[in-house]
Structures are given as structure tokens and as C-alpha cells.
Amino acid sequence: MNILRKLALSASVIALGCSSAMAADLTVGFSQIGSESGWRAAETSVTKQEAEKRGITLKFADAQQKQENQIKALRGFIAQGVDAILVAPVVATGWEDVLTEAKEANIPVILLDRGVDAPQDLYLTSVASDQVKEGRVAGEWLVKTVGDKPCKVVELQGTVGSTPAINRKKGFEEALAGHANITIARSQTGDFTRAKGKEVMEGFIKAENGGKDICAMYAHNDDMAVGGIQAIKDAGLKPGTDILVASIDAVPDIFAAMVAGEANATVELTPNMAGPAFDALAAFLKDGKQPEKFIITESKLYTPADNPQGEYDSRKGLGY
Ligand code: AHR
């Protein structure tokens, strides 16, 4: 957005007596990764709702998990002269050129839920969780739960090269450091999908004495955990008892699994990244207020002690 446009927008907001710059007629492009998980579907629904609430026209582009599609979408938004861009970057690297193009066109870019390896001046703000903390919270839960017993863990990683996969692995390993009784025996990507989570877990089970040698499954998201739970059941074992299950997202299906005694812990990731993003954008457009570079959402641990049925009920209508 150029400065004249920004001033014109602020003037029209004042003239209208609106409390939020978002009441003005804004068009925002949103490049979403795809629909690999229940959490992603909820983030898409919530972003559309948050835009509608504020009277923002949202141009939505589904990248079908491909970075090249995201870059193409961003270039399309720049060519159309949108007022701002939201992007959930599928992987961390390869963004510098297109973000520079947006900056040169004076279009503010906000990162949602994943980070990039690019200079921070190329985006207005990033709204995401502390992904290292998410991994650490899951790891600390496991350390506390198994105590001194020997425990072989299998890990289902997220999309290779994505910040949640990198950081959730790091945080989990940090929590396990100094606890030699707990080891990560196998670790492989399940690409954040239920189908691949199941497939990878089947391989782990075969390689680990039919699953009998596995003490815990740590999945970088709930969808892979749900796929893994199915693989454990297919192998004749009890998820949640024979093999502990810890994951991240807090989607309704993992609470259903907790109710059934088949999952033990999840770390919540809110799907509402767009609300704080639009608020930061509104403040920026209103008076040039620079938001915090990183707006961090909460990472709360849920276990079967936290009323999983109630959590399921409260989330099931949210678009997951
Ligand atoms: O970037 C957030 C992660 O992406 C979510 O944890 C996962 O479910 C999604 O695919």
C-alpha cells in the first residue's frame, strides 16, 4: 500500500467515525497452504469469519501444499494491488524474492502460523505459536509420565523444512535431554496428514517387534496421531495404554480419542491467527503503529484430566 493510499484510507476512516480502520473497504489476499489437517481447515474457516466480521474482502488461494503455488498466489495478489497479504508459509526457505516484491509494492505481509528464513523487515508481523515450546511441553509431559522407566519413543514429524516440524522436534528433544531412559528410536515425516501418519506408524510398528517395543508415539500434529492410533489398533495394541500418545493442535478428534482412552496429551494451537493479524493490520493502517514482530499465541497442555468431552463439544462446530 503506498503512503497516499494509506493516508486516504485513514482519512476516510476518520470521516466515517469508525473505531477500526478495518471498517474501511480493505482487500486482503490469503495464501493458505492447503487442507492437510483438521487444524488447517479450522484456520481457513476462522480466517474467513474474522475477515467477514471486519468487512474485509478476502481473496483466498489454496496452494495444495506447494510453495510454488504460494509464490504464484503472492505475485497475483501484488499484481492486483491488494491492501495486505496473509501467508501461511509451507516451508521456511525460498521467500526472500517474493517478499521483497511485496515490500517494493508497499503491500504489508503478515505471516500466519509458520515462520520463514528471511529478513524480518520483509514482513509486518508474524502471528504464530512458540513451536519450540509446544515440543517442549509435550516432552515434559512424557518425562513426567514415564518417570525412571525405560521408554522408546517413535516420532511422526511434520512437513520437511516447515518451521513447526523443525521446532517441535527441537523442543521435544530439549525436554528429553538428561533423561537417558527415554530415547527417540525412530523419527520420520508423516507430512502432517492422517493417511501418512498411519502409514509411517505401521512401518515403525513392524520395525519395533510388532509395536511391543514402543512405549510412546509423539506426533507433530493431532491428525498424524489419529492415523497412528489406527495403526496401533490394527496391530492389536491399545493406544493410550500399550503405547502412550502425545501430539499438538487440540482438534476435536484428539479429544474424542482421549474420551475413548486412546490419546494421552495434546498441546493446543489456536486456529485464530487471523484475528490478531487483522487487529495488528488495523492499527498499522490507522496510525502507522508497528506491531510486535512476533505475536505469540498460547500453548496449553490438555490431558484426559481436562474434560476432553467438554473440549470436544466446544470445538466441534469451529470448522475443524
Ligand atoms: O503450522 C501449523 C501446523 O500445520 C499444524 O499443527 C498442523 O496441523 C498443520 O498442518
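This is a predicted model: local features need pLDDT of at least 70, side-chain atom pairs count only at pLDDT 80 or more; totals for chains, interfaces and linings use all residues.
**Ground rules**

I number residues from 1 along each chain as its sequence is written. I take local features only at pLDDT of at least 70 and side-chain atom pairs only at pLDDT 80 or more, while totals for chains, interfaces and linings use all residues, and side-chain values use heavy atoms, with hydrogens and water left out.

**Entry 1: the disulfide**

I looked for disulfides, meaning pairs of cysteine sulfur atoms within 2.5 Å. By this rule I count one disulfide. C151 and C215 form it, with their sulfur atoms 2.0 Å apart. Where do C151 and C215 sit in the chain? C151 is in strand 6 (residues 151–157). C215 is in the loop between helix 7 (194–207) and strand 8 (216–219). The two are 64 residues apart, and the pair links distant parts of the chain. My helices (H or I, at least four residues) and strands (E, at least two) are DSSP runs, numbered from the N terminus. I also noted the turn about the S-S bond: it is -85 degrees, and the link of C151 and C215 is left-handed.

Are these cysteines buried or exposed? I call a residue buried under 20% relative accessible area, exposed over 50%, and partly exposed in between, using a 1.4 Å probe and protein chains only. C151 has a relative accessible area of 2%, so it is buried. C215 has 18%, so it counts as buried too.

**Entry 2: Q70**

I found Q70 in helix 3 (residues 67–80). Its relative accessibility is 1%, so Q70 counts as buried. What does its side chain make a polar contact with? Here I needed the rule: a pair of N or O atoms within 3.5 Å; within protein, one must be able to donate a hydrogen and the other to accept it, and residues adjacent in sequence count only if both atoms are side-chain atoms. The side chain of Q70 makes such a contact with the side chain of S31, at 3.1 Å. A polar atom of the Q70 side chain also lies 2.8 Å from the backbone oxygen of A88.

Then I listed contacts (heavy atoms within 4.5 Å). I left aside neighbours within four places in sequence. The residues in contact with Q70 include Q32, I33, A63 and W95.

**Entry 3: S162**

S162 is in the loop between strand 6 and helix 6 (163–176). Its relative accessible area is 0%, so S162 is buried. A polar atom of its side chain lies 2.7 Å from the backbone oxygen of T159. Not counting residues up to four places away in sequence, S162 touches V90, V91, A92, R114 and F192. I also checked S162 against G240, 78 residues away along the chain. Their C-alpha atoms are separated by 28 Å.

**Entry 4: helix pairs**

Two packed helices are described by the angle between their axes and the distance between the axes. My axes are lines fitted to C-alpha atoms, for helices over the stretch in contact, and angles run from 0 to 180 degrees between N-to-C directions.

I took helix 8 (residues 222–234) and helix 9 (residues 252–259). Their axes come within 9 Å and cross at roughly 40 degrees. D222, A225, V226 and I229 in helix 8 meet D253, I254 and A257 in helix 9.

Next came helix 7 and helix 8. These axes come within 7 Å and also cross at roughly 40 degrees. Among the residues making the contact are M201 and I205 of helix 7 and G227 and A231 of helix 8.
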